[in-house]
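The structure is shown first.

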Amino acid sequence: MVKPKRLNHKKVFVIGMLLVLSAGLFANTNTKLDITGSQLLNLAGKQRMLSQRIAKDYLYIGKNIATTKANKQLKESIDSFLLAHRKLSSSIKNEEVKNLLLFVQLSSDEFKGIASKKFTLDNAQLILDLSESMLEGSQYVFDSLKSSSKVKKSMMIDKSTEQRMLSQRIAKYYISYQLGIKDKNSIDMMIETVKQFSYNLDILIKNPSNTPQISEKLLKIEKLWKIVHKFYNNIEKGGLPLIVFNTTDNITKKMDEVTKMYLLSYKY
């Protein structure tokens, strides 16, 4: 799995202190919701994707590309992230996981604050850092739920939900490089992300337990992927931001449909 880039130690310390000081803000939000384990797993998995998509949308807006769609998607993504966060916080009782959820909440709040300010490359870099922090926290929550999950064949659900995140991560790093954040990390992370997506897709396609409907959907994704992954790897050349935006969204949507089919197949 692609590992998120960590924040610098000073930033982690500051956010960590804020976490301790603000723990009481969510003390009374534990209203019980009737959510199944598979639904919780899907929510936590989707948070990984949203952490990348909100950063991608912000960067596209800053680059003044696909601004109408990016603005609409950014608002929807933030709303979806916060709604899912509330559901997770209300349903999860493990204290360690709840602390991680508080950390993710603080990161998302900081993101909203920066996103409301004038776009600058410095702010863009902060958004990238925060998206990695939100991804790392969401990944921990997902892993914790998965370890205690009764969902059979959870590896397939793990891989399909990760594909949603990876497709948005590709677009995030592509546009950040075009904006001028041309460090080696952006290139390395793009190559690693594309490689991981290909690896996961191969595992999913070869899964002997796939239903005909799942296999059909995965083969459609594979057909598209064989064409577009070459564009993504050519991050240094650039020049295709709209194609990257639209194709990664298309892949995310299709992988979301596959995830839902897996969850129905392994429902409990």
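## Surface and overall fold

The accessible surface of the protein chain is about 12900 Å², and carbon and sulfur atoms contribute 57% of it. The model is predicted. Of the 268 residues in the protein chain, 51% are buried.

The secondary structure consists of nine helices and zero strands, giving the pattern α-α-α-α-α-α-α-α-α along the sequence. Among contacts with a separation of 6 or more, 82% are between residues 24 or more positions apart.

## Packing of H6 and H9

Helix H6 (residues 154–179) packs with helix H9 (residues 241–265) at an angle of about 170°, and their axes are 9 Å apart. H6 is therefore roughly antiparallel to H9, since angles over 145 degrees are classed in this way.

On the H6 side, the residues in contact include Met-156, Ile-157, Arg-164 and Tyr-174; among those on the H9 side are Val-244, Asp-249, Met-255 and Tyr-262. The residues of this contact divide into 13 nonpolar, eight polar and three charged.

## Aromatic pairs

The count of aromatic pairs comes to five. Tyr-58 and Phe-119 form a tilted pair, with 5.5 Å centre to centre and 45° between the planes. Tyr-58 belongs to helix H2 (residues 37–62) and Phe-119 to the loop between helix H4 (95–115) and helix H5 (121–147), so the pair ties together parts 61 residues apart in sequence. Tyr-58 is buried at 5% relative accessibility, whereas Phe-119 is partly exposed at 25%.

Trp-225 and Tyr-232 form another tilted pair, with ring centres 5.8 Å apart and planes at 50°; both residues are buried. Ring pairs also link Tyr-58, Phe-111 and Phe-119 into a cluster.

Definitions and conventions
Residues numbered from 1 in each chain as written. Predicted model: local features only at pLDDT ≥ 70, side-chain atom pairs only at ≥ 80, totals over all residues. Heavy atoms only, no water. Axes fitted to C-alpha atoms, helices over the stretch in contact; angles between N-to-C directions. Helix = DSSP H or I, 4+ residues; strand = E, 2+ residues; numbered from the N terminus. Parallel < 35°, antiparallel > 145°, perpendicular 65-115°, else oblique. Contact = heavy atoms within 4.5 Å. Nonpolar A, V, L, I, M, F, W, Y, C, P; charged D, E, K, R; others polar. Buried < 20%, exposed > 50% of the residue type's maximum accessible area, 1.4 Å probe, protein only. Areas by Shrake-Rupley, 256 points an atom, 1.4 Å probe, with all protein chains shown as cover. Phe/Tyr/Trp six-rings, centres within 6.5 Å; stacked < 30°, edge-to-face > 60°.
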